[in-house]
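Please read the points beside the sequence and coordinates.

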Amino acid sequence: MPETLLRADDLTVRYGPVTALNGISLHVDEGEVVALVGANGAGKSTLLKTLSGLIRPAGGSITFQGKDLARTAAHDIVKSGLVHVPEGRHVFPRFTLKENLLAGAFTNDFKSAGKRAEEIIAGTPILARRAGSTAGQLSGGEQQMLVIQRALMADPRMIMLDEPSMGLSPVLADEVLELVAQLSERGMTVLLVEQNALGALDIADRVYALATGEVLFEGRSDDLRANPQFADQFLGVVSADAERRAHEEPEAATP
Amino acid sequence: MEFLQQVTNGLTIGSVYALVAIGFSVVYGALGLVNFAHGDILMAGTFVTYGVYTSFHLPIVISCVIGILAGIVIAGIVEEVAVRPVLKSHLLIPMMTTLGMGLIIRNLVELKYGSGTLPFPSFAGSGFFHIGDLQIARAAVVTLVVAVITLVLFAAFLKFTKPGFAIRVVAQDMTAARLMGVPVNRTIMAVYGAGGALGVIGGLLYANTLEVVYLGMGFPILLKGFAAAIVGGIGNLQGALIGGLVLGILEATVGPAAGSYRDAIAFVLLIAILLVRPAGLLGARVQERV
């Protein structure tokens with residue numbers, strides 16, 4: 001039985017009068033890839049920001065390796081081994097690729113990080129050919145590869161990725177998801193937010209489907225695919241089952 | 001030869017402006033905020049030096065160090081009280097709160113020392129160096145040397161130390177910095193502290209050159225430092241250095257001919273520079289902060 005790395009219970013987040021997360025509970029076990037799917041505004045990014053300490057929850061608890069995170073500062077959460085690659089990539093635009101990677105090692109062995117950063121750049125073809133550039137000059141796909149590598153510089157036990165394939169061409173989006181799959185093969189625990197839900201499900205062990213700040217579905221990826229109601233709502237595909245019913249009762253297909 | 005003399009004088013006062021401008025620019029570069037308490041922080045730090053020197057008869061160099069430390073602390077308090085709580089507000093708000101803190105600092109100093117002009121102990125000694133026909137006051141040489149050493153040390157701090165790296169990271173993306181494990185609040189405080197230290201060093205050199213310290217000294221230096229930072233390209237540290245030197249030289253060269261219009265003419269020339277290069281001498285472009 002794998003150890004539960006991250007556990008959130010009854011998490012509530014409010015932006016003023018708006019409730020963004022309404023009593024969300026989830027857990028991620030060691031070595032798992034867990035996907036969060038849901039429409040815009042469902043609360044996926046808010047959830048990641050709360051887990052990484054950027055947002056303080058109004059209620060509920062978060063533990064990571066048994067340590068309470070709900071009242072821990074963001075920079076200390078990184079030290080405990082949980083890193084967050086935010087939506088929109090957030091490279092340091094005026095820094096070189098190497099300096100960006102160095103920033104990722106801020107909580108780690110900073111002195112030896114320079115050599116390691118050079119090795120990572122040399123070993124990542126998409127970055128190696130841009131080694132002389134600043135991060136602001138990179139394309140979206142190159143930046144995404146850079147920020148994932150940057151997060152890994154902290155030697156985390158678990159990585160949270162927010163929309164890593166957003167705005168990328170299909171080929172690059174596949175490459176990014178392929179990188180996530182490789183990380184998982186090397187034993188990394190991953191919490192993945194993706195709008196490309198089908199792509200995410202291909203590499204995820206389990207999935208949480210969110211709508212308006214609540215978990216509507218929790219289970220194995222295959223179970224979500226097979227669930228006619230949720231497959232339609234969260235994956236944008238109509239299962240064969242649902243299609244048949246739609247023919248029989250047209251009103252059932254109305255969302 | 002007279003012109004060369006004026007340029008030398010200009011470099012001296014310009015290096016003071018440069019220090020103040022860099023103190024300004026490091027805060028702007030990191031946060032996109034203008035610290036309007038900067039002039040009063042540097043005045044207060046200079047007064048602390050004056051106070052410990054005259055009250056406790058400590059050596060002037062030690063008094064200066066205490067004044068600089070006081071500047072760091074005061075700037076840190078300004079950040080904690082007047083900036084952090086309103087960091088996410090519209091940028092006019094921290095402008096107003098720092099302006100208010102400046103007033104409070106000025107009033108506190110006034111309570112203790114009044115609003116008169118007090119003699120400041122020169123730490124450079126009097127007398128002149130002669131290089132050919134060129135005559136340079138000892139105070140000017142000390143000013144130039146201290147300013148250059150300070151700027152080199154500060155540049156090295158930013159480039160080669162971990163806290164310096166943290167400042168450069170925070171300056172580019174505060175959210176990402178947080179997610180990398182950079183203690184952002186502490187770093188912002190360090191930015192203000194560094195700005196305060198640079199400002200007080202500038203204030204001490206200014207007081208040393210004029211051999212006086214007075215309540216209102218912060219404002220003219222603030223104005224010049226601000227102008228120097230803008231002309232150089234605000235947020236850009238090399239730009240602030242060049243801006244300070246340009247302003248000093250303009251003042252010293254047009255000054256004797258312009259009489260009491262000296263400042264006005266210097267500022268007109270600065271405006272002319274900005275007309276040609278709106279983002280400042282080294283400002284590549286105006287960056288929008290989100």
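1. What radius of gyration would a compact globule with 290 residues have, and what does chain B have? The globule would be near 19 Å and chain B has 19 Å, which agrees; the radius is taken over C-alpha atoms, and the rule is 2.2 Å times the number of residues to the power 0.38.

2. This is a predicted model, in which local features need pLDDT of at least 70 and side-chain atom pairs count only at pLDDT 80 or more, while totals for chains, interfaces and linings use all residues. Residues are numbered from 1 along each chain as its sequence is written, and chains are lettered from A and ligands numbered from 1 in the order in which they are written.

3. Of the 290 residues in chain B, 51% are buried (20 or more other C-beta atoms within 10 Å of the residue's own, with C-beta atoms placed from the backbone). Chain B comprises 11 helices and four strands (DSSP runs, H or I of at least four residues and E of at least two, numbered from the N terminus).

4. In chain B, the axes of H2 (residues 38–56) and H3 (residues 60–83) come within 7 Å and cross at roughly 145 degrees; axes are lines fitted to C-alpha atoms over the stretch in contact, and angles run from 0 to 180 degrees between N-to-C directions. The residues of the contact of H2(B) with H3(B) comprise 14 nonpolar, six polar and no charged (Ala, Val, Leu, Ile, Met, Phe, Trp, Tyr, Cys and Pro are nonpolar, Asp, Glu, Lys and Arg charged, the others, Gly among them, polar).

5. Chain A gives 20 residues and chain B 12 residues to their contact (C-beta atoms, placed from the backbone, within 7 Å). H2(A) supplies the largest share of chain A's side, four residues.

Technical notes:
Contact = placed C-beta atoms within 7 Å. Buried ≥ 20, exposed ≤ 12 C-beta atoms within 10 Å, placed from the backbone.
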